[in-house]
Amino acid sequence: MTETRPLLSVSGLNAWYGAAHILHDIGLSVARGEVVALMGRNGAGKSTTLKAIMGLLARTRGDVRFMGRPLHGLQPYQIARLGLGYVPEDRRVFTDLTVAENLSAGRQPPRAWPDGSPGLNWSLDDVLALFPALAGMLDRPAGAMSGGEQQMLTVARTLMGNPFLLLLDEPSEGIAPVVVEQMADMILALKARGASILLSEQNIHFGRLVSDRAYVLEKGEIRYEGSMSAL
Ligand code: ATP
Ligand code: MG
């Protein structure tokens, strides 16, 4: 039987920080193999949406399903264990460990889809092929890398966990143009391999380059849903 339901589906999602109502009835979906961009300006609610999906907020309401399974009530680590790989805005590397040790820290066993077919599982060599810039610095302490290189490392480490779905919070933010290009190439290579990705992004050029489809968030509401080229 072919799997037709979305990999991730979110409906009627609301979120609050204290008394401030930030997300209003967010609905979105990501199909298997799709790269979807969540676009919006500063403060639109992109990071809050990804955090809510990962179960990281104290107060939310609504329905989030992964492979049809409701995530409500699960702890963040349980959600991650289902195969959601999340790279937050505040990238954290283990600064005293080498690049290679940082990568091993992300390693999880291979995964299989519910029908038994193998997931997209990544060996260290696979990951290094996607991130050629990291391959030459495996023995260097991560703390000695540039901010852009650390950003690549957090994405690479998350891939080592063999996620079914990758959630990237503004992968192009705050890094040099040459690293932005490497990041875009890496996302396109993942897409070519069949990876499923939901990324948040302010940069329309970057979003257009890497994604199939977009949602535009404004003040915590989805204002547009459709092709990236129409934006
Ligand atoms: P950016 O592009 O700047 O990362 P964003 O689209 O990711 O923006 P969010 O970080 O989701 O936006 O913020 C949405 C709204 O929630 C903003 O008004 C922000 O000020 C508010 N907000 C975010 N984090 C908190 C928090 N921890 N406590 C209170 N308000 C917050
Ligand atoms: Mg953000």
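**View 1. Leucine 168 stands opposite leucine 199 of strand 8.** Strand 7 (residues 165–169) and strand 8 pair in the parallel sense over five bridges, where two strands count as paired if DSSP finds at least two bridges between them. Helices (H or I, at least four residues) and strands (E, at least two) are DSSP runs that are numbered from the N terminus. The model is predicted, so that local features need pLDDT of at least 70 and side-chain atom pairs count only at pLDDT 80 or more, while totals for chains, interfaces and linings use all residues. Residues are numbered from 1 along each chain as its sequence is written, and chains are lettered from A and ligands numbered from 1 in the order in which they are written.

**View 2. Six strands form an open sheet with mixed pairing, in the order 6-7-8-3-9-10.** The edge strands are strand 6 (84–87) and strand 10 (221–227), each of which pairs on one side only, and the twist from one strand to the next averages 15 degrees. Axes here are lines fitted to C-alpha atoms, for helices over the stretch in contact, and angles run from 0 to 180 degrees between N-to-C directions. Helix 6 lies across strand 6 and strand 7, running at about 170 degrees to strand 6.

**View 3. Strand 9 (residues 213–218) is joined to strand 3 by four bridges, and these two strands run parallel.** Methionine 39 has valine 216 in strand 9 as its bridge partner. Strand 9 also pairs with strand 10, in the antiparallel sense, over six bridges, and there the bridge partner of tyrosine 215 is glutamate 225 in strand 10. The hairpin of strand 9 and strand 10 has two residues between the strands, and in this hairpin lysine 219 takes a positive phi near 45 degrees.

View 4. Just after helix 7, glycine 194 takes a positive phi of about 100 degrees.

**View 5. Four strands form an open sheet with antiparallel pairing, in the order 2-1-4-5.** Its edge strands are strand 2 (20–30) and strand 5 (69–70), each pairing on one side only. Seven bridges join strand 1 (residues 8–17) to strand 2, and tyrosine 17 has alanine 20 in strand 2 as its bridge partner. Helix 1 (residues 46–53) packs on the sheet, touching strand 1, strand 2 and strand 4 (59–66), and its direction makes about 70 degrees with that of strand 2.

**View 6. Ligand 1 is surrounded by 13 residues.** The closest are Tyr17, Asn42, Lys46, Ser47 and Thr48, where a residue is near a molecule if its C-beta atom, placed from the backbone, lies within 6 Å of it. Helix 1 gives the most to this shell, with three residues.

Technical notes:
Two residues are in contact if their C-beta atoms, placed from the backbone, lie within 7 Å.
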